[in-house]
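Grab your viewer and work through these exercises on pockets and strands.

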Amino acid sequence: MTPEQLWNEYKTINPAIGDKIDAWAFGAEPDQLADLVLRGEKTAMASAYELYKIENEPLPQVGTFDVVLDSQDQAVCIIEITKVTVVPFKQVSAEHAFKEGEGDKSLNYWRQVHEEVFRPWLEEVGFTFNQDSKVVLEEFHKVYPL
């Protein structure tokens, strides 16, 4: 299903969402992570703050809706952002790591995997990853399909 088709289906339930569709796939393992969101096991995500600055992109906003895509750009589900915070990498909590729903859901797993992802992404754009690197933490809930 295309993002537009899924958006229009949800729009019959919630016409207030409007017409602007923000659709994206997770940067690492898009199919696996989209499936975790679809099943309700993943209710949070994290991204490197510096990448927003480099791309001059605004931070995610509470109350906005996004279409989560798989690796084939097919719509999997729609989420609503419920919380956005920016913290140093070393201050990400075990609670947040659990909400991300990946691996064994531990903070140690979260740190290992996210450092492996963030380090090369930041180096690619001229930044050095360290424990004080800022991270954008988002919490969300799946709104469609129910």
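Predicted model: local features only at pLDDT ≥ 70, side-chain atom pairs only at ≥ 80, totals over all residues.

**Exercise 1.** Work out which elements each supply at least two residues of the lining of the second largest pocket.

*Solution.* Start with the size: this pocket has a volume of about 170 Å³. Next, go through its lining, which includes Lys83, Thr85 and Val87, then Glu95, His96 and Lys99, and also Leu137, Glu138 and Glu139. Finally, sort the lining by class, and you get three nonpolar, four polar and five charged residues.

**Exercise 2.** Describe the largest pocket: how much space does it hold, and which element gives the most to its lining?

*Solution.* The space comes to about 1000 Å³. Its lining has 40 residues, with Trp24, Met45, Ser47, Tyr52 and Glu138 nearest the centre. Several elements give two or more residues, among them strand 1 (23-25), strand 2 (44-48) and helix 5 (107-124). Helix 5 comes out on top with six residues. By class, the count is 22 nonpolar, eight polar and 10 charged.

**Exercise 3.** Decide whether serine 47 is buried or exposed, then find what its side chain has a polar contact with.

*Solution.* First place it: serine 47 sits in strand 2. Its relative accessible area is 18%, and the cut-off for buried is under 20%, so serine 47 counts as buried. As for the polar contact, the side chain of serine 47 meets that of tyrosine 52 at 3.2 Å. Leaving out residues up to four places away in sequence, serine 47 also touches Phe118, Lys134, Val135, Val136 and Glu138.

**Exercise 4.** Trace strand 3: which way do its residues point, and in what sense does strand 3 pair with strand 1 and with strand 4?

*Solution.* Phe65, Val67 and Leu69 point one way, Asp66 and Val68 the other, and all are buried. With strand 1 the pairing is parallel, over three bridges; here alanine 23 has valine 67 as its bridge partner. With strand 4 the sense is antiparallel, over five bridges, and aspartate 66 stands opposite isoleucine 79. Strands 3 and 4 form a hairpin with five residues between them, and in that turn aspartate 73 has a positive phi of about 60°.

How values were computed. Residues numbered from 1 in each chain as written. Heavy atoms only, no water. 1 Å grid on protein atoms, 1.4 Å probe; cavity = no way out; pocket = protein on both sides within 12 Å on 5 of 7 lines; lining within 4 Å. Points joined across faces, edges and corners; volume = space filled by probe spheres on them. Helix = DSSP H or I, 4+ residues; strand = E, 2+ residues; numbered from the N terminus. Nonpolar A, V, L, I, M, F, W, Y, C, P; charged D, E, K, R; others polar. Buried < 20%, exposed > 50% of the residue type's maximum accessible area, 1.4 Å probe, protein only. Polar contact = N/O pair within 3.5 Å; in protein donor to acceptor, adjacent residues only side chain to side chain. Contact = heavy atoms within 4.5 Å. Pairing = 2+ DSSP bridges.
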